[in-house]
Amino acid sequence: MRKPKIVILGAGYGGMITTVRLQKMLSVSEAEITLVNNNSYHYQTTWLHENAAGTLHHDKTRLEIKDVIDSSKVNFVQDTVVEIKSAEKRVILHNGELEYDYLVVGLGFESETFGIKGLKEHAFSIANINGARQIRDHIEYMFSLYPTQKRDDLLTVVVGGAGFTGIEFLAELANRVPELVAEYDVPREKVRIICVEAAPTVLPGFDPELVEYAVKFLEKRGVEFRIGTAIKEATEEGIIVAQGEEVEEIKAATVVWAAGVRGNALVEQSGFEAMRGRIKVDEYMRAPGHDDVFIVGDAALIFNPENDRPYPPTAQIAIQEGYTIAQNIAVMVRGKGEMKKFTFDNKGSVCSLGHDDGIGVVMGRKIVGWQAAFMKKVIDNRYLFLLGGPLLVLKKGKLKFF
C-alpha cells in the first residue's frame, strides 16, 4: 500500500512547527514527509530588526533546518517553488517537481508597497536575512563616507511605518547610534532618525498608554516622528511626503520600508482565491474547495470573531496554526480521530525597545521596561524550545537577559 505524501512548502514559523509536530506524530511507515525551502536555514523573522540595525549578528537569527528536523522521517529539499498545480496535486519547483496527497502552504510574506512610486527601487525592506544584512552594511557604509563627504543626508535614516517592525527597528538603531558615531568619527548631532507614519498614531490598535511610553522612549533617543504623514514617493535622494496639502522632500541616504506586508504572490498565481496573497481558510485551516491543501502563517487569513477584522499574521498565530494543521493531517492520514477546529488563543504581544526595554500586553496585563524585555526573551526562547527542545535554546536562545 502506497504511503501518503505530505509536502510542506516554506520553513517559516508555521512550516517548521508543522514539520516538527508531524515527525513526532507519524511513523515512517505511515507517511512520506517532504519539507521544501529555498534556503538551507530557518530564521526568526521577529529578530530581523536586530540584524538590520547591527545589534545582533544574523548567524544568531538563523538555524540550519537539518539540525532541527529528523532526516530519517523528513526529506528536506532546498529549492524554490515555482507553481502549485492543485488540480493535479503537484508542486513545480525550479529544479523538479513533487506530487502530494496533503499540501501545507507556508510561503511567507512579501513587502506591500501600496503602489508608492520608487519604493521598490530606492527603499530597503526588513523581509529576510539578506535584506536585513544589506540594511546594516548600507548604514555603516553611509556613516563611513561622512568624514570625507560631509553630506548630512548620509547620516539620515528614514523608516516608513510605525507598526511593530518599524518601532522595534527604530529602537535598535537608536541604541546602535552611539557605537556608529564613535566608530566612524561623526558628530552625534548630525545623525537623524525619522519615522514617517500615515496613520494618526504610532502602533495603530495598541494600548494608547503603552504607545505613549514607546514614543517618549524613542524621542529621548533622538527619533523624530512624522505621524499622519504619507510617503508619496521614494527617490534617489530620499522621500517625498505629504501631510494634508503640504508636500515636503526629506533627503536621506537610507530609507527603510516597514509599513506593510502581504502574502506570497505565488498563492494567487496558483489559482487559489486570495486577498493580497492571503487565503481565507476554513475552520480546519484548509483552502476553500481544497480538502487536501492547508494554509499556514502569512498566507492564512483568519478573522477575529470579536471585531470581524483579520488577525495580524504574527509568529504566535503561525505557531498555533502549525499545531492544528499537524494534528488534522495526522487524523486524515490515519482515517480516524477528530479534526481540530482552529481557535486563536491570543496570549498577548510584546514590542521590544532594544535589549532591555519594551512594552506589551501579556495575559491581559500591561507591562513596560525590563519586564517587557524579559518577557520578549522568554517568548523567543519558548519558540526555540518547541522547535528543538532545551539543546536548541542553549545553542540559539537569548540567555543573556540584562
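Let's start with an open space: the second largest pocket has a volume of about 420 Å³. Its lining takes in 23 residues, and those closest to the centre are Glu50, Thr55, Glu172, His355 and Lys377. Please keep in mind as you look around that this is a predicted model.

Three helices each supply at least two of the lining residues: helix H2 (48-53), helix H6 (164-184) and H10.

On the H1 side the contact is made by Tyr13, Met16, Ile17 and Val20, while H10 brings Tyr383, Leu386 and Leu387. Sorted by class, the residues of this contact of H1 with H10 are 7 nonpolar, with no polar and no charged ones.

H1 has another neighbour to meet. Helix H1 (residues 13-25) also packs against helix H9 (residues 315-334), at an angle of about 35° and with the axes 8 Å apart. The crossing of H1 and H9 is right-handed. From H1, the residues that take part are Tyr13, Gly14, Ile17, Thr18, Arg21, Leu22 and Met25, and among their partners in H9 are Ala315, Ala318, Gly322, Tyr323, Ala326 and Arg334. In the contact of H1 with H9 there are 12 nonpolar, 4 polar and 2 charged residues. If you follow Tyr13 and Ile17 on screen, you will find them in the contact with H9 and again in the contact with H10.

Now let's turn from helices to strands. Strands of a sheet pair through backbone hydrogen bonds, either parallel or antiparallel. Here, an open sheet of 3 strands runs in the order S6-S7-S8, with antiparallel pairing. Which strands form the edges? Strand S6 (81-85) and strand S8 (96-99) do, each pairing on one side only. From one strand to the next, the twist averages 20°.

Walking across the sheet, S6 joins S7 through 4 bridges, and the two run antiparallel. In this pairing Ile84 stands opposite Val91 in S7. S6 and S7 form a hairpin with 4 residues between them, and Lys89 in the turn has a positive phi of about 55°.

Definitions and conventions. Residues are numbered from 1 along each chain as its sequence is written. This is a predicted model: local features need pLDDT of at least 70, side-chain atom pairs count only at pLDDT 80 or more; totals for chains, interfaces and linings use all residues. Side-chain values use heavy atoms; hydrogens and water are left out. Two strands pair if DSSP finds at least two bridges between them. Axes are lines fitted to C-alpha atoms, for helices over the stretch in contact, and angles run from 0 to 180 degrees between N-to-C directions. A crossing is left-handed if the near helix is turned anticlockwise from the far one by less than a right angle, and right-handed if clockwise. Contact means heavy atoms within 4.5 Å. Ala, Val, Leu, Ile, Met, Phe, Trp, Tyr, Cys and Pro count as nonpolar, Asp, Glu, Lys and Arg as charged, and the others, Gly among them, as polar. On a 1 Å grid over the protein atoms alone, a cavity is a set of points where a 1.4 Å probe fits but cannot get out, and a pocket is an open set with protein on both sides within 12 Å along at least five of seven lines; lining residues have an atom within 4 Å of a point. Grid points are joined across faces, edges and corners, and a volume is the space filled by probe spheres set on the points.
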